[in-house]
Every structure is written in structure tokens, then in C-alpha cells.
Amino acid sequence: MVDGMLASSFEGIGADYDRYRPGFPDAAADILAPRRVATALDLGAGTGKFTALLVDRAAEVVAVEPSAAMLDVLRTKLPRVIAREGSAERIPVADSTIELVSVAQAFHWFDRDAACAEILRVLVEDGSLGLLWNRSDPSCDWDRAAHRVAHPAVQDADGTSDATSEELPGFQLRSHDELRWTERITREDYLRRWSTVSTFLVAEPHERDHMLARITRILDAHPETRGATEFELPIVTDVFVYRRA
Ligand SMILES: C[S@@+](CC[C@H](N)C(=O)[O-])C[C@H]1O[C@@H](n2cnc3c(N)ncnc32)[C@H](O)[C@@H]1O
């Protein structure tokens, strides 16, 4: 069940999200759109981090997002994209018009059954749905330890337990790829990134300070990060492609 408070935690954040969150590798978009499509829809598009990769892969790109602050950033960055306020459960797009729907780092916030029915409604007959998640690389123990601080309820310690293939009503899973890549990030930006995750956004200031202090201690203690002002952060991007069942 979706935690409504966490799901709406992104309402007021835009510029910081765009500045500090990681993007997605081009290879992820190549999997979803191996050739140019006529219409693509990015759902829960945020500030357009994944939407940007669709611009050269689709003649028309629509971005749907409930947060006005996120959409403001997206509109400034990607003026050619048709940006609409809306949600996955009520997509402001006509029936059978979209070849590719992408959902980056957002599907776990949707009401799954309502969203699947809506996505099926807007997709053309042979259209596809791509779900993407960035997650901590299991080989990077300091980043995993930081994820455990930020997502204490998550059992598998990487903060992205949703990145498993699941059965979606009306869809069939076609492929799952795990893309490994590395982001060069400053220590300062790594620490600021945490203030853009949902658990930090809804936390009381003293809880936020406490979590940040714990993550700072992890960086200060680990031989790969101790004393360093920049690190190589390994990231895994999961890409799931679904077709209409
Ligand atoms: C972690 S952000 C991901 C944003 C963007 N896709 C990215 O990868 O940077 C999750 C996004 O899902 C949006 N969201 C939350 N609930 C939603 C819903 N029911 N329908 C559509 N988007 C939703 C949030 O406003 C937020 O922008």
C-alpha cells in the first residue's frame, strides 16, 4: 500500500531534486526505445531527469507529474516537452495515443491497479511500458549503509526493494536489464542528495539532522570515502519492459 504522505513529499521540491538526484544512463532509454517512436509519455516525470532522454527518441514527448514545483523545473529545462499536471491514476491524455510509457523511480508511489488500467487506456495496441529504478550497487558498502539509515524499513538495505519484477494487471514482463554505471559526485552533493529523498522530506528537523549525522559518520569512517571531497559512486539502474498481456 502506498504511503500517501511519502508519495506527496515531493510536492514542494523542484530545484534541489533536479540538482542533487542522479540521472539515468542513455542505455536505459535505448532499451525502452530501440528506435524512434511517435509518442512517448513519462509518468511521474518529476523535473524531467528521464524525460530528457526521450526527447531525441520520440517525435512528441508528454510529461505528467502531480507536483507543480517539479513541473516548473521540467518546463524550463525541456520547453519542447508537453508538460501536464496529473497523476498516473488520472492521466490527462487521450485513449490509444501513446507508443511508450516510461516511469522512472516513481511506480511505487502509484495506486498500482488504477495506474495500470490508465496506462493500458492511453497505450496503442502494441505499445510498451518501461519501469526504471536507480538503486545502490550491492558492492558499495558505504552507500548501502547510508541507504539503510535513510530507509530503515527496507529489508534489503539498498532502499529500492521495489526494483523487482512484479506481475502487473494487464501486462506481461518482456525483459529486465540491470545497468551498472558510475557517477562522480562531490561529498557535499552526496550529503545534500539525502535531503531530497522522501523519508528526509517528511522527517522532523531533528530526525533529519540525526540521519545526516549518521551518514556523515559512515563517510568519515570508510576507507574509500574518508577525507575525500569527491567519490566514484556505483549505481545500478533496473529497466523492466512490459507489453500488453
Ligand atoms: C522519486 S520522484 C521521480 C521523478 C522522476 N521520474 C525522476 O526519475 O527523477 C517520484 C515522482 O513521482 C511523483 N508521483 C507521486 N505520486 C504520483 C502519482 N500518483 N502519479 C504520478 N506521479 C506521482 C512525485 O511527485 C515525484 O515527482
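**Entry: S96.** I started with S96, which is exposed because it has 12 other C-beta atoms within 10 Å. The cut-offs I'm using: 20 or more other C-beta atoms within 10 Å of a residue's own is buried, 12 or fewer is exposed, and partly exposed is in between, with C-beta atoms placed from the backbone. S96 is found in the loop between β3 and β4. Its phi is near 50 degrees, a positive value in a residue other than glycine. I noted that because most residues other than glycine have a negative phi.

**Entry: ground rules.** This is a predicted model, so I take local features only at pLDDT of at least 70 and side-chain atom pairs only at pLDDT 80 or more, while totals for chains, interfaces and linings use all residues. Residues are numbered from 1 along each chain as its sequence is written. Helices (H or I, at least four residues) and strands (E, at least two) are DSSP runs, numbered from the N terminus.

**Entry: Q105.** I went looking for positive phi again and found Q105, at about 60 degrees and not a glycine. Q105 is found in the loop between β4 and α6. Is Q105 buried or exposed? Q105 is buried, because 22 other C-beta atoms lie within 10 Å.

**Entry: the sheet.** I traced 7 strands in an open sheet, in the order β3-β2-β1-β4-β5-β7-β6, with mixed pairing. β3 (82-85) and β6 (171-186) stand at the edges with a single partner strand each, so one side of each has no neighbour in the sheet. Neighbouring strands here are turned by 20 degrees against each other on average, direction ignored. For pairing I go by DSSP, which has to find at least two bridges between two strands. For angles, axes are lines fitted to C-alpha atoms, for helices over the stretch in contact, and the values run from 0 to 180 degrees between N-to-C directions.

Entry: β1 (residues 37-43) and β2 (residues 58-65) pair in the parallel sense over 6 bridges. β1 and β4 also pair in the parallel sense, over 4 bridges. L41 is a handy landmark: it stands opposite V62 in β2 and opposite V101 in β4. β4 and β5 run parallel and are joined by 6 bridges, and the bridge partner of I98 in β5 is L123. β4 is mostly covered, with 6 of its 7 residues buried.

**Entry: α6.** Which strands does helix α6 (residues 112-122) lie across? I get β1, β4 (98-104), β5 (123-136), β6 and β7 (230-244), with α6 running at about 135 degrees to β5. I then looked up two alanines.
- A115 is found in α6 and is buried, because it has 25 other C-beta atoms within 10 Å. Leaving aside its neighbours within four places in sequence, A115 is in contact (C-beta atoms, placed from the backbone, within 7 Å) with A88, E89 and F110. A115 and R90 are 25 residues apart in sequence and 7.7 Å apart in space, C-alpha to C-alpha.
- A117 also has its place in α6, but A117 is partly exposed, because 13 other C-beta atoms lie within 10 Å. The C-alpha atoms of A117 and F171 are separated by 9.9 Å, at 54 residues apart along the chain.

**Entry: α5.** In α5 (residues 68-77), I find M70, L71, V73 and L74 buried. They cover an arc of only 160 degrees around the axis, so they sit on the same side of α5; the arc is that of the directions from the helix axis to the C-beta atoms. What do the buried residues of α5 pack against? They pack against α2 (15-20), α4 (51-54), β2 and β3.

**Entry: I215.** I215 has its place in helix α10 (residues 205-221). It counts as buried, because it has 21 C-beta neighbours inside 10 Å. Leaving aside neighbours within four places in sequence, I215 is in contact with A146, V149, L191 and W194. Of these I also checked L191: its C-alpha atom is separated from that of I215 by 7.7 Å, with the two residues 24 apart along the chain.

**Entry: the ligand.** Last stop. There are 21 residues around the ligand, and G44, G46, K49, A104 and A106 come nearest; near here has the C-beta atom, placed from the backbone, within 6 Å of the molecule. By class I have 12 nonpolar, 5 polar and 4 charged residues in the shell. Ala, Val, Leu, Ile, Met, Phe, Trp, Tyr, Cys and Pro count as nonpolar, Asp, Glu, Lys and Arg as charged, and the others, Gly among them, as polar.
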